[in-house]
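Hi,

Here is the model I promised to pass on. Have a look at it first, and then read my notes below.

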Amino acid sequence: MAQVFQPRLILSLKLGALVVLTLSAVAVLAWRISIAPHPAIGSPVEQVVPFSHVHHVGEVGLDCRYCHASVEQSAFAGIPPTHTCMTCHSQLFTDAPMLAPVVKSFESGAPLQWNRVHDLPDFVYFNHSIHIAKGVGCATCHGPVNRMPLIWRTASLEMQWCLECHRAPERHIRPLDKVFDLNWQPAGDQLALGKRLVEAYRIHTASLTDCSICHR
Amino acid sequence: MTEDPHTAVDSEAIRLRLGDTHGATMWRSLDEIGETSAFGDYLTQQFPRFANQFQVDRREFLKLMSASLALAGLGACTREPQEKILPYVKAPQGAVAGEPRFFATATTLGGFAMGVLVESNMGRPTKVEGNPMHPASLGSTDTLTQASVLGLWDPDRSQVVTRKGQISTWENFSSALGRQLIGLARKQGEGLRILTETVTSPTLAAQLQALLARYPKAQWHQYDPINRDNVYDGTRMAFGEALDVRYRLDKARTILSLDADFLGAGNARVRAARDFAQGRGAGGRAAMPNRLYAVASSPSLTSAFADHCVALRAGDVENAALRIAKLLDLPVVAPDAVVGVAEDWLAACVRDLQASRGASLVVAGEAQPPFVHALAHRINHALGNVGVTVTYSEPVVADPANQGESLRALVRDIAAHAVDTLIVIGGNPVYCAPADVRFGDGLLGVPLTVRLGLYEDETSARCQWHLPATHALEAWSDARAYDGTVTLMQPLIAPLYAGRSAHELLAMLGGGTLRSGYDIMRDYWQEKLGADFERGWSTALREGVVTGTALPEKTVTTRGDLPAHGPAGPAGADDSSLELIFTPDPSVWDGSFANNAWLQELPRPLTKLTWDNAALVAPALAKRLSLQNEDVVELTCRGRTLAAPVWIVPGQADGVVSVSLGYGRTRAGRVGNGHGFDAYALRPSDAPWFSRGLQIRKTGKKYPLATTQHHHAMDGRDLVRVATVAEFDQNPQAASGPRHATIPIGTLYSPFKYDGYAWGMAINLGACIGCNACTIACQAENNIPVVGKAEVARGREMHWIRVDRYYEGSAHAPRTHFQPVPCMQCERAPCEVVCPTEASVHDSEGLNVQVYNRCVGTRFCSNNCPYKVRRFNFFQYADENTESLKAQRNPEVTVRMRGVMEKCSYCIQRIANGRIEADKAGRRIRDGEVVTACQAVCPTQAISFGDLNDPASRVKALKASPLDYALLGELNTRPRTTYLAKLTNPNPDLKES
Amino acid sequence: MSPAISTPANDINESRLQVLKGAYSYASISDKISDIVLTRPTHWGWVAAFSLCTALTLLFVVAMAYLFYKGVGIWGIDIPVAWAFAITNFVWWVGIGHAGTFISAFLLLLRQKWRTSINRFAEAMTIFAVAMAGIMPILHLGRPWFFYWLAPYPNIMNLWPQWRSPLVWDIFAIGTYIIVSILFWYMGLIPDLATLRDRAESRVKQIVYGLGALGWRGEARQWRRFDTAYLLLAGLATPLVISVHSVVSFDFSIGNTPGWHSTIFPPYFVAGALFSGFAMALTISIPLRAIFGLKDFITERHLDNIAKIMLVCGLIVAYSYVVEIFMAFYSGDEFEKYMVLNRMRGPYAPIYWVVVLFNVVIPQSLWFKRVRLSVMTLFVLSIVVNIGMWLERFMIIVTSLHRDFLPSSWGMFYPTFWDWAILVGSLGAFGWLFLMFVRFLPAISISEMRKLVREKKEGEL
Amino acid sequence: MNPQPILPAYGLIAEFADDRALVDAAKRAHAEGYRNIDAYAPFSVEGLSEALGFRKDRVALIALLGGVLGGASVYFLQWYTAVIDYPINSGGRPLHSWPAFIPATFEMTVLGAALAAFFGMLILNGLPKLYHPIFNAPGFDLASRDRFFLCIESRDPRFEMQETRQFLERLAPLKVAEISN
């Protein structure tokens with residue numbers, strides 16, 4: 001009897017299988033990339049006005065709250081009204097071309113359109129004020145914005161990222177007076193400090209991983 | 001039902017898409033807009049099939065009338081779109097970005113004000129709450145008030161000035177008007193007529209007076225299809241002058257309602273319910289609980305709650321009243337007996353009334369003729385109630401003239417061509433005028449007809465000019481409450497469309513100059529508030545009431561020449577023919593709420609019908625005529641005929657067919673058109689509320705009606721637990737029964753500890769009058785979608801809290817029980833154990849939370865929920881296409897997508913905000929700090945909510961009451977929501993028939 | 001080639017009750033079975049059935065497409081009846097599968113010779129039925145594209161399935177069941193595929209079957225390990241089959257709904273499953289043996305035995321009905337009592353009485369040998385039982401849900417066109433798969449038949 | 001068909017008409033001291049493998065291990081995820097509700113065992129092996145139909161072409177042939 005499967009045939013079969021496998025692997029990879037959140041972590045987001053936090057925060061030394069005024073009272077940190085920009089820019093760099101959109105908005109009354117950098121799904125209810133009140137520093141989530149010419153995302157903002165802190169806030173929280181200090185580093189052991197602060201700030205860690213803390 | 005509901009025509013869909021291209025105009029500048037607009041493309045990109053979801057059928061687009069904001073991202077697996085943030089250009093005064101603010105204003109019904117606080121999210125009015133400082137509200141509201149916010153955002157509102165159907169402008173109008181005014185000025189306004197709804201607004205009244213002064217020969221007419229003519233005529237008959245009558249139900253111990261529905265209708269219903277519940281002793285055994293006797297032609301909230309109720313034809317109520325008067329030895333000619341009411345019933349009632357002299361009360365229904373009112377006044381006087389439980393004041397309305405007469409006069413003059421300029425402000429007379437008045441006919445003959453209205457409706461269609469009116473939440477105005485207290489109504493948002501207020505229009509008429517409502521109001525109140533105006537003004541705005549504007553009590557003297565019997569002669573007209581009665585519709589009222597989908601889908605308190613009205617008949621009558629529900633009958637009364645579907649209602653007086661007004665609209669809008677039948681087509685102007693001689697003919701046709709409750713008996717299950725005060729005194733456990741919520745049941749499980757907050761709710765069935773306000777407040781608060789008639793008929797309504805209605809006893813005179821059923825928030829939640837994805841889980845405060853974005857829609861939780869309070873999005877119910885409706889949504893609540901389960905969350909968004917505020921302040925949440933939407937709205941405060949771990953909390957105290965019991969507690973679900981058994985206070989002398 | 005001795009159907013002599021009729025050699029039996037696949041021209045009956053099933057399968061596809069486009073609202077389900085046809089189909093299809101496993105595994109352990117000639121297609125029936133069953137729960141999800149959330153896998157949400165939910169158990173039970181069934185079935189196929197490989201004329205068939213045969217050589221040690229593994233799989237499949245429908249029954253008995261919350265459910269459901277499963281085995285084997293002339297291999301003996309098992313299962317099911325009624329009144333639970341009375345007198349009463357007629361009354365005829373040996377009667381009866389069992393599942397699910405605790409929330413369920421489309425479509429898809437199977441794979445285990453031939457020679461039968 | 005063997009032959013093969021002949025042929029070959037003997041049959045023949053001196057297959061052991069592994073791992077998974085990784089209060093039931101963890105554990109035990117048994121069998125049997133010299137044997141296609149073969153491999157220490165062929169002839173086969181490699 002003749003062999004049904006000559007070695008050459010077997011070889012080609014194996015090669016065929018190999019090709020199929022690689023192709024499907026590539027396909028999966030491509031899909032994963034296509035659904036990756038955008039803008040990607042670490043990639044600066046273009047804006048109508050190339051507003052530089054490096055300049056305003058790093059060099060001029062504005063406090064976060066000067067522009068993000070409602071961050072301590074509201075869920076929403078607040079984006080400065082054009083008028084806030086104009087408090088300075090009615091005198092400074094008034095005719096700088098890069099400021100043209102601001103001036104235009106000021107005159108026309110049409111709001112500036114900023115591109116969102118930190119965007120949570122709409123079924124997630126994040127509240128800035130409570131995080132500020134419990135010692136979560138701006139930089140903890142937003143990174144060193146004072147070193148960002150254009151803002152980019154430093155955190156994935158995925159649920160597991162939130163949980164990482166909600167499960168053990170002591171890993172991240174800082175003294176209340178350091179919340180807006182973008183350069184703050186724990187002097188000694190963060191965990192020890194954190195544990196003390198969790199006590200001091202009455203953070204109920206038990207309920208922090210409740211679904212209802214973020215989802216309604 | 002077996003055919004697929006989703007195969008209907010496209011025409012609606014096309015109209016719809018033309019319809020909602022607007023709405024964006026009102027955006028000031030808020031970050032949400034970015035999200036909402038980005039959201040649409042996101043949706044299409046994510047689920048292309050949703051994009052044309054709408055081009056399916058009529059009902060689908062009813063989803064228009066409900067919410068969608070945060071669907072984005074509910075489905076994973078795709079890239080998020082680039083969203084925009086739009087900051088303010090100039091931040092408004094005192095606004096904190098992202099935080100809601102509340103403004104005091106008022107909404108009106110039949111002219112009477114209901115004081116409200118409106119929640120504004122980044123400039124968008126989203127929710128109405130009662131104003132605790134307002135006498136008509138005391139913090140509560142009702143269904144119609146709750147729904148008003150949806151009316152504001154209704155995409156079907158008229159948006160442009162039209163002339164003979166062609167789009168025009170205000171400028172064109174004012175020039176046209178200007179020309180007309182020249183002529184009018186010449187002949188002192190002869191031929192100028194102004195038709196308004198009932199006016200209580202001092203400013204508007206003043207404007208009208210000024211106008212009439214300017215044009216002496218002009219005339220002002222008033223018409224509301226549901227008006228208080230009988231009340232004023234009644235006082236005229238009794239006291240010789242028109243007066244407003246005020247009842248102090250909290251002070252009354254024995255109350256007799258003569259076909260009156262003071263709890264469900266009337267100009268002070270919310271306040272009345274609050275006072276009544278107080279007299280009943282909310283949440284326990286009052287020292288002296290009041291007792292309510294009711295004579296009712298058709299069941300109402302009031303008669304349903306009564307301790308003793310007899311069903312009587314409306315026309316026979318007069319006899320009953322006479323008989324009672326007689327028993328009180330008043331000089332009347334009364335029949336020896338009243339058909340339909342046992343003599344001993346009347347006797348017992350009278351004994352009770354006398355027993356509580358000075359603390360008793362007889363209330364005549366607004367549908368009853370003046371004579372019955374006069375009798376009631378006389379009886380109250382005889383019982384020494386005047387000044388205690390009933391007081392009188394000058395009329396609250398600007399002009400108490402008989403409105404029916406006023407409209408008839410106008411129509412006469414129109415027919416006689418004595419009218420050349422007709423200004424119709426609000427209302428919808430062409431639709432809602434009595435059938436024999438035929439208001440619409442003459443209109444085309446009037447040289448200039450102008451209509452200011454919210455909708456381009458039946459009346460607009462017959463007027464040359466239609467002017468878009470501003471919504472109550474868009475404009476400056478003022479209005480009086482039932483006791484005369486004035487509220488300054490301030491706009492929550494600039495007019496969405498080209499609307500103007502009645503004040504502004506009147507300003508144009510007088511002098512033709514254009515003045516803003518704001519200036520008009522301030523001018524008027526400048527002189528009223530006089531010195532220190534600014535402070536008075538801002539206080540009034542902040543508090544929502546102008547202090548000291550309540551009308552003073554008036555001492556009255558009864559006329560000597562009161563007739564001894566009614567116009568129909570002694571023993572009234574008790575021919576045995578059928579009687580047709582007209583009632584305001586609990587949802588669409590006189591038809592003006594017809595385009596409000598929340599109200600359309602809100603089950604009527606007693607029939608549990610949605611989306612339609614019906615001809616209500618008593619079981620006995622149905623039996624005689626072999627009628628079944630949904631049978632279409634021809635109602636013929638006084639030569640006019642109308643086809644209507646039948647609905648059988650226990651407790652309806654035999655020989656009475658009642659039809660509710662406000663349906664059969666043709667130009668209400670996309671929601672309201674084509675539902676129900678137009679009862680006005682039968683309504684005679686001389687007997688607007690009831691008339692005899694009705695004939696019924698069975699057509700053999702059927703008309704499907706959508707009800708939310710098919711079974712009305714408790715089948716011996718102790719769901720609603722009831723006891724009389726007497727029984728309670730013998731054994732406090734009598735009502736709540738043996739299976740008390742707190743009986744510990746052995747368990748192998750180590751129970752979870754809830755040592756933080758432990759939220760719980762207590763619902764007092766003894767106070768619930770079944771008004772449904774909770775249901776609609778919940779709908780507004782929680783972005784609950786509307787599903788439409790067909791879906792309701794399939795049992796797919798979405799209400800998170802429903803009010804179950806059960807009957808006990810005979811079908812002729814049943815006892816009616818209401819039971820609001822929200823999620824019970826069981827500690828041993830059956831729904832959670834069977835959820836495969838942890839979408840239904842418990843949190844550390846004992847809440848049974850539903851995580852929409854984790855739900856895959858197995859529906860096992862619903863199967864396993866013994867209370868069936870879970871609601872499922874069988875389709876994409878939430879609308880995501882209509883900007884104006886998205887704007888209404890509560891940004892604090894996720895909008896659910898197709899395929900996920902939802903349910904009552906104890907308003908978790910309010911809890912969360914309360915928790916956050918408390919945490920920031922480093923304290924615990926105080927009792928009463930977190931109030932659920934249903935609790936806030938409840939007129940009788942039947943719902944209490946709070947922290948069970950707070951020993952001082954009200955809810956804790958209530959749950960300690962012996963009346964407290966858990967619904968289906970024997971299933972060991974350990975519900976956090978428990979009930980207080982209902983205490984009734986029947987007269988021991990009277991056996992229940 | 002084979003002297004097929006066909007005897008008239010009416011006389012009842014022993015020859016009809018043989019497990020294997022006719023005088024077959026290793027060769028002839030191998031050829032006869034493999035020729036069906038390799039050489040025999042397609043039978044018109046097959047073509048007819050196949051075209052019908054293809055049409056229904058298309059309907060199935062359309063129904064699913066529309067379902068995913070619109071949502072489960074296209075069905076008649078509502079609140080309170082949130083489950084209806086889809087879950088009924090699910091339970092019923094899983095049940096169908098059970099007979100296959102029972103025949104191929106349990107009877108193997110019991111050394112029942114007569115299973116030999118029917119276990120192959122019975123096992124195939126299992127796989128296709130479970131496949132149909134497996135589709136249903138996914139179809140019935142509100143958001144089917146997230147079905148995988150029921151399975152444990154690491155994810156960015158740090159979330160896991162809720163292990164207390166019977167639906168999660170289902171995933172494991174059904175998953176295991178279908179995998180084990182496929183292994184068991186495929187393993188039995190390996191030697192036969194080798195036969196086909198060696199007997200196939202065309203190169204393509206040689207390669208295709210050859211790949212399937214994995215180079216099987218029939219070497220003694222291979223046979224030895226093969227037998228052990230085969231026996232082990234049988235030993236594993238037997239408890240599995242019990243567990244699977246028990247888990248399915250948990251979907252209801254874990255719930256607190258009156259009519260669901262009952263401890264008798266696991267045995268009740270398993271018996272019911274075998275009942276309908278064996279009925280389906282009859283429904284399939286009767287036409288099969290006619291169309292492909294397999295009357296010598298699938299003899300009246302087989303039909304007779306199957307009928308006997310049906311009778312037994314039917315009695316257990318009947319017993320369960322009785323116990324349910326008894327417990328309702330014995331417990332004194334008002335809700336249980338009402339549920340039972342509602343089934344008998346409520347709006348769905350006709351279904352209840354049809355169920356009793358089809359599953360309890362009619363099957364009693366199986367006590368009589370005449371009935372068991374009349375092929376036509378058996379065929380009709382098997383269909384009756386299939387319908388009866390489907391209705392039973394429907395009754396359990398719908399009539400329990402539609403009136404549970406609060407009368408205010410009582411409702412009705414009315415099926416829509418799409419409910420029927422899914423049911424009928426799944427029947428079509430099942431038939432389609434099965435027809436493909438009998439056309440391209442040996443419907444009877446050749447190697448085991450050779451063994452049967454040997455045993456017959458040795459007079460061991 | 002008998003091509004000139006290029007390589008040394010794979011072995012010699014004898015063809016028999018029924019299983020009895022094969023079994024005692026196998027016995028005798030084994031008695032003769034041959035060890036690399038293969039016997040091929042169209043169905044599993046009682047006692048054949050024993051005749052070749054093949055005593056225990058380890059499939060059952062593998063299946064046992066597979067079962068234990070499957071069950072233990074999924075129980076651990078349930079416990080870890082429900083108690084340690086993300087403890088969530090579901091219906092007030094204890095985090096470690098072991099009775100509810102049984103069904104999945106049982107199913108995975110079965111699955112583990114079944115997979116182990118199946119793949120254990122394949123691996124021990126050296127399958128899949130699409131190419132095998134034995135298929136070169138003349139008329140070997142009948143091995144899957146009605147013929148029984150005994151093969152003595154050339155790698156057997158006692159294998160010697162002539163001698164072995166004579167030995168096989170003595171077993172009264174239908175025919176003896178050489179298998180090219």
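Before the pairs, the rule: I call it a salt bridge when a side-chain nitrogen of Lys or Arg sits within 4 Å of a carboxyl oxygen of Asp or Glu. Keep in mind that this is a predicted model, where local features need pLDDT of at least 70 and side-chain atom pairs count only at pLDDT 80 or more, while totals for chains, interfaces and linings use all residues. Residues are numbered from 1 along each chain as its sequence is written, chains are lettered from A and ligands numbered from 1 in the order in which they are written, and side-chain values use heavy atoms, with hydrogens and water left out.

Salt bridges

By that rule, the whole structure has 75 salt bridges over all chains. One of them joins C:Glu300 to C:Arg289, with the closest N and O atoms 3.6 Å apart. C:Glu300 belongs to helix H9 (residues 300-331) of chain C and C:Arg289 to helix H8 (residues 265-291) of chain C, 11 residues apart. (Helices, H or I with at least four residues, and strands, E with at least two, are DSSP runs numbered from the N terminus.) Both C:Glu300 and C:Arg289 are buried; that word stands for under 20% relative accessible area, with exposed over 50% and partly exposed in between (1.4 Å probe, protein chains only).

In chain B, B:Asp316 and B:Arg692 meet in a salt bridge at 3.0 Å, N to O. B:Asp316 is in helix H10 (residues 314-327) of chain B and B:Arg692 in strand S26 (residues 690-702) of chain B, so this pair ties together parts 376 residues apart in sequence. Both B:Asp316 and B:Arg692 are buried. The side chains of B:Arg451 and B:Asp457 also form a salt bridge, at 2.6 Å from N to O, and both of these residues are buried too.

Where chain B meets chain C

What touches what here? 68 residues of chain B are in contact with 59 residues of chain C, contact being heavy atoms within 4.5 Å. Together the two chains bury about 5,300 Å², 55% of it on carbon and sulfur atoms. Buried area is the accessible area (1.4 Å probe) that two parts lose on being put together, summed over both. B:Arg717, B:Arg854 and B:Asn863 supply 14% of the area that chain B buries against chain C, more than any other three residues.

How many salt bridges cross the interface of chain B and chain C? The rule finds one: C:Asp404 with B:Lys868, the closest N and O atoms being 2.8 Å apart. Strand S30 (802-808), helix H26 (830-834), helix H27 (860-863) and strand S34 (871-872) of chain B each supply at least two residues of the side that touches chain C. H26(B) gives the most to that side, with four residues.

B:Ser862 is worth a click while you are there. It lies in helix H27 of chain B and is buried, with a relative accessible area of 0%. Leaving aside neighbours within four places in sequence, B:Ser862 is in contact with B:Lys868, B:Arg870, B:Met901 and C:Ile79.

Aromatic rings

Searching the whole structure gives 79 aromatic pairs over all chains. Rings of Phe, Tyr and Trp (its six-membered ring) pair if their centres lie within 6.5 Å; planes under 30 degrees apart count as stacked, over 60 as edge-to-face and the rest as tilted.

C:Tyr348 and C:Phe394 have ring centres 6.2 Å apart and planes at 75 degrees, so the pair is edge-to-face. C:Tyr348 sits in the loop between helix H10 (334-345) and helix H11 (349-361) of chain C, and C:Phe394 in helix H13 (residues 375-401) of chain C, 46 residues apart. C:Tyr348 and C:Phe394 are buried.

Over in chain D, the rings of D:Tyr40 and D:Phe140 are edge-to-face, because their centres are 5.1 Å apart and their planes at 85 degrees. D:Tyr40 is in strand S2 (residues 37-40) of chain D, and D:Phe140 is in the loop between helix H4 (98-124) and strand S3 (148-153) of chain D, 100 residues apart.

One aromatic cluster takes in B:Phe860, C:Trp83, C:Phe252, C:Trp260, C:Phe265, C:Tyr268, C:Phe269 and C:Tyr321.

Chain B overall

Chain B has 31 helices and 39 strands. Of its 993 residues, 67% are buried.

Cheers
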